[in-house]
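Subject: A structure for you to look at

Hi,

Here is the structure I said I would pass on. Have it open while you read, and my notes will follow below.

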Amino acid sequence: MGQTQGATDKEVTLQNIQELYRKFASECPSGNLHLHEFKRIFGINSTSTEEESAYMENVFRSFDTNKDGNIDFMEYVAAVHLVLRGKLEDKLKWSFKVYDKDGNGCLDRQEVRHIVKVSIIYKIKQHNDPAITENIDDICDKIFHLVDKNKDSQISLEEFIEGAEKDPWVMDQLKLDIGPYFFIPVERHMFELA
């Protein structure tokens, strides 16, 4: 009986993927999602801040695993799986990759400052409350104090993961603020299942 249920689950998943592909192909006849389309889907436009645009470009690049400048269907499915079903450690590794703008394997104060600034902008927009004020430098100082164990003024991947897993406040500050709601615009726009 358990095997039958498992087969049904796989069948439904396959049907869902086929439907996703049909809609992806319909919306992206070239078979690729381009950066400008990705930004539009997620509400990045001429009124968006430079930080928001740069942030979304980093997210796009993290999904573009073959680095061809487009997100194909397989890359999109992998991204959705990571965000919706991935393990915490995998999500933290992905967050780190997005934040490590220069790709050197460490986060410096400028990269952490960018994380905090984008997070504050997001909170203001999410709560529609421009009165939300948090001191970016104070938050960065606290993150480095709690996470930078060897005090080299850089946060390694290991320090990033360990700090986020040990301290809920650090987790709140460092975890890429992307969850199922992040994909709702995409699903409504082109991937909504019947």
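Below is what I found, going from the overall picture to a few details.

First, the ground rules. This is a predicted model, so to speak of local features I need pLDDT of at least 70, side-chain atom pairs count only at pLDDT 80 or more, and totals for chains, interfaces and linings use all residues. Residues are numbered from 1 along each chain as its sequence is written, and side-chain values use heavy atoms, with hydrogens and water left out.

**Confidence**

The pLDDT (the predictor's confidence in each residue, from 0 to 100) averages 78 over the chain, and 76% of the residues score at least 70. Be careful with two stretches. Residues 1–12 stay under 50 and have 0 contacts beyond four places in sequence, a contact being heavy atoms within 4.5 Å. Residues 179–194 also stay under 50, but there the model has 37 contacts beyond four places in sequence.

**The overall picture**

The chain has 10 helices and 4 strands. Both are DSSP runs numbered from the N terminus: helices are H or I with at least four residues, strands are E with at least two. Read from the N terminus, the order is α-β-α-α-β-α-α-β-α-α-β-α-α-α.

Of the 194 residues, 41% are buried. Buried means under 20% relative accessible area, exposed means over 50%, and partly exposed is in between (1.4 Å probe, protein chains only). Among contacts with a separation of 6 or more, 64% are between residues 24 or more positions apart. The chain exposes about 11,400 Å², with carbon and sulfur atoms supplying 52% of that; the areas come from the Shrake-Rupley method with a 1.4 Å probe, and for residues only the protein chains shown count as cover.

**Salt bridges**

Side chains of opposite charge can pair when their charged atoms come close. How many salt bridges does a search of the whole structure find? It finds 5, taking a salt bridge as a side-chain nitrogen of Lys or Arg within 4 Å of a carboxyl oxygen of Asp or Glu.

- Glu 57 and Lys 39 meet at 2.6 Å, N to O. They sit 18 residues apart, Glu 57 in helix 3 (residues 50–63) and Lys 39 in helix 2 (residues 35–41). Glu 57 is partly exposed at 23%, whereas Lys 39 is buried at 15%.
- Asp 141 pairs with Arg 109, with the closest N and O atoms 2.9 Å apart. Asp 141 is partly exposed at 42%, and Arg 109 is partly exposed at 39%.
- Asp 137 and Arg 113 meet at 3.2 Å, N to O. Asp 137 is in helix 7 and Arg 113 in helix 6, 24 residues apart. Asp 137 is partly exposed at 40%, and so is Arg 113, at 34%.

**Helix 4**

Now try helix 4 (residues 73–85). Its 13 residues reach 17 Å from first C-alpha to last, close to the 18 Å expected; the expected span is 1.5 Å times one less than the number of residues. Which residues of helix 4 are buried? They are Phe 73, Glu 75, Tyr 76, Ala 79, Val 80, Leu 82 and Val 83. At the start of helix 4, a side-chain oxygen of Asp 72 comes to within 3.1 Å of the backbone nitrogen of Met 74.

Happy exploring!

Definitions and conventions:
Polar contact = N/O pair within 3.5 Å; in protein donor to acceptor, adjacent residues only side chain to side chain.
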